[in-house]
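The model comes first, then the points by topic.

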Amino acid sequence: MTDVTKLKSWQALESHARQKKVLTQLFASDPARFRKLSFALPGLLVDFSKNLVTEETISLLVKLAEEANLEKARDAMFRGDKINTTEGRAVLHTALRADPEKPLTLDGQNVAEDVESVLQRMASFTSEVRDGVWRGYNGKEITDIVNIGIGGSSLGPRLVTEALAGYYPLRLQAHFVANVEASDLALKLKGLSPETTLFIVASKTFTTAETMQNANIARSWIVNHYKDEQAIARHFVAASTNLEAVKKFGIAPANMFPFWDWVGGRYSVWSSIGLTVMLMVGEENFMEFLAGARDMDEHFRSAPLKQNIPALMGLIGLWYRNFMQLPAYAVIPYHACLGRLPAFLQQLDMESNGKSVTRDGEPVTAPTGPIIFGEPGTDAQHSFFQWLHQGTDVVPVDFIAAVKTRFGNKDQQTMLLANFLAQTEALMAGRENKAEPYRNFAGNRPSTTILMDELDPRTLGMLIALYEHRVFTQGVIWGIDSFDQWGVELGKVLAKALEAEIKSGKPSAHDGSTVGLLEYIAAHNR
Ligand code: F6P
C-alpha cells in the first residue's frame with residue numbers, strides 16, 4: 001500500500017500549510033466566499049466558508065482524494081466488496097436505506113429483498129404495538145419500550161429516538177439501558193410496570209456481556225412478576241444476527257428481527273436495531289429517515305469531489321488533523337433533542353478511525369482520527385466555550401442547528417439562532433483588546449456550520465449519513481480499516497478473568513496496581 005504521506009498532493013499540502021490563512025482577510029478579499037464554500041441539498045445547508053482553507057487548499061485536498069482513490073473505494077463499498085478486510089466482511093449499511101426496487105447481490109443473495117422483508121416485519125410489529133394489538137401477557141397495552149443494548153446497539157437508536165421527540169405518539173415512552181452499572185436498569189424499571197413493558201434486546205452478536213447481563217435481569221423481572229416463563233414471548237423481542245443465541249435466551253424466532261454481518265454496529269441504526277425508533281415515530285417517519293440517508297448516499301456517490309459535501313467535510317477534517325496538527329474536533333448541536341449526537345459521533349468516528357495500522361498491517365505514517373467531544377449549545381457556551389475562545393489550543397467546531405422548531409415559541413428559537421451564529425462569528429473574528437489582555441479574543445478559529453431547515457426524520461437521516469461518509473473519506477485516505485474495532489477486545493478478555501477473581505476474592509498474577517485495587521475492592525465489599 002502506498003504511504004499516503006509520499007503522495008505528491010500530500011507534500012504539496014504540507015508546503016501549502018505553511019502559508020498563514022486569516023479568515024477575516026479571506027472574507028474581505030472574496031465577497032463570493034460564502035457562495036463558493038457553502039453547499040445545499042434539499043433541507044440542509046453546509047457552510048465550510050469559516051474554515052481555514054482557500055480555493056487552493058480545496059483543490060489540493062481533492063487531488064489527495066483522487067490520488068488516494070477515494071471514488072474507487074466509495075464505489076467498492078456501495079457495490080458490496082469485502083472492504084472490512086480484517087473481518088472479511090462487506091460494508092453495506094447503505095443497502096439498508098437503498099431503493100428496494102434495485103437488486104443488490106452479495107454472495108448470491110439479493111440483499112435488497114432481505115432488507116425489505118425485515119422492514120415489512122418491523123412495520124407490521126410497529127402497527128400492532130402502536131394500535132394496541134400486541135399486548136402484554138395479561139392483555140394490557142404496551143406503554144413502555146426498553147431498548148437493552150450498548151455501543152451501536154444503543155447510541156444510534158437513542159440518538160434518533162430522542163432527536164425525533166416531536167413525532168411520538170401519546171401512549172408510548174422509550175427508555176434505553178446500556179450500562180451494566182446497576183442503576184441504569186434499576187432506576188428505569190422502578191418507574192415501569194412489567195405488564196405494560198416491552199423489552200427490545202438489541203445486540204448484533206447477542207453475546208455482549210453487559211447487554212446479556214441486563215437482559216437476563218430484565219427477563220427475571222418479567223418471569224418473577226408473572227411466575228410464568230411463557231410471559232417472555234409477549235414482553236421480549238430481539239434485534240440481532242445471532243438466531244441461536246436469541247432462541248437460547250427464550251425469544252422465539254418469530255420475535256427476532258434479523259440483520260446481517262455486513263452491518264457494522266455503529267452503522268446499524270438503519271437496520272432492525274432501529275426498531276425502537278420505528279415504534280416511537282411510526283413506519284412512515286422511519287422510512288423518511290432512511291430516505292434522508294439515501295439522499296445523502298446518492299449525493300456522495302454522484303457529486304464531483306469539489307462539491308461533494310461528505311467528501312469535503314472529511315478532507316477539511318483531515319487538513320486540520322494532518323496539516324495543521326489539530327488533534328481535537330468539537331461538535332455542538334444547537335438542539336436539545338440532539339443531545340446524544342456527540343456521544344454517537346464519538347463511537348462512529350473514534351471506533352472507526354482510531355487506528356494505528358494500515359490495512360496492510362503497517363504502522364500508519366500520519367495521525368488518524370481526532371478526539372471528538374461536544375455538548376448541546378447553548379448549554380456548552382456556559383461551560384467549555386471559554387476554552388474554545390481563549391484556550392491555547394485551536395479546535396475546529398461543527399455547529400449544527402435547525403432554522404425552524406416544532407417546540408416552544410419563536411422568541412426562544414430566535415435567541416437560539418442568534419447565539420448559534422454569534423459563536424461562529426466570535427471564534428472567527430475575535431476581538432482585540434490590548435489594554436485588557438484577558439478580554440482579548442485571538443479569533444481565526446475555524447468552524448463548519450450545518451443548518452437544517454427543520455430537525456425532521458429526513459434531514460436527520462441526511463445528517464447522520466453525512467457523518468458516516470465523512471468518516472469513510474478519512475479512513476480511505478489514511479489507508480485504515482474503518483469498519484473493525486479490535487481495540488475493544490483486550491479489555492473484554494481481561495474483564496472476564498477479573499470478574500471471576502472479584503467473585504472468588506482470589507487475585508491471580510497482575511501488576512501491583514491491579515492487585516492493590518482488587519484487594520481494596522475485596523476489603524470494602526463485605
Ligand atoms: O465493544 C464494541 C462493540 O462491538 C461495538 O462495535 C458495538 O456497537 C457494541 O460493541 C455492541 O455490540 P453488539 O451489538 O454485538 O452487542
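The largest share of the lining of the second largest pocket, 4 residues, comes from α17; helices (H or I, at least four residues) and strands (E, at least two) are DSSP runs, numbered from the N terminus. The model is predicted: local features need pLDDT of at least 70, side-chain atom pairs count only at pLDDT 80 or more, and totals for chains, interfaces and linings use all residues. Residues are numbered from 1 along each chain as its sequence is written, and side-chain values use heavy atoms, with hydrogens and water left out.

**Second largest pocket**

- The second largest pocket holds about 550 Å³ of space; a volume is the space filled by probe spheres set on grid points, which are joined across faces, edges and corners.
- A pocket is an open set of points on a 1 Å grid over the protein atoms alone, where a 1.4 Å probe fits, with protein on both sides within 12 Å along at least five of seven lines; lining residues have an atom within 4 Å of a point.
- Its lining has 26 residues, and Met1, Ala68, Arg359, Val476 and Gly479 are the closest to the centre.
- Both α5 (70–79) and α17 (457–478) supply at least two residues of this lining.
- The lining comprises 14 nonpolar, 6 polar and 6 charged residues, where Ala, Val, Leu, Ile, Met, Phe, Trp, Tyr, Cys and Pro count as nonpolar, Asp, Glu, Lys and Arg as charged, and the others, Gly among them, as polar.

**Largest pocket**

- The volume of the largest pocket is about 1300 Å³.
- Its lining numbers 40 residues, with Ile150, Thr208, Ala209, Glu210 and Lys492 nearest the centre.
- At least two lining residues come from each of α9, α14 (341–353) and α18 (489–504), and α18 gives the most, with 8 residues.
- By class, this lining divides into 13 nonpolar, 15 polar and 12 charged residues.

- An open sheet of 5 strands has the order β6-β5-β7-β8-β9, with parallel pairing; two strands pair if DSSP finds at least two bridges between them.
- β6 (173–177) and β9 (256–258) are at the edges with a single partner strand each, so one side of each has no neighbour in the sheet.
- Neighbouring strands of this sheet are turned by 20 degrees against each other on average, direction ignored.
- β8 (residues 236–240) pairs with β9 in the parallel sense over 3 bridges, and Ala239 stands opposite Phe257 in β9.
- α9 (residues 209–226) lies across β5 (144–148), β6, β7 (197–202) and β8, at about 155 degrees to β7; axes are lines fitted to C-alpha atoms, for helices over the stretch in contact, and angles run from 0 to 180 degrees between N-to-C directions. Contact means heavy atoms within 4.5 Å.
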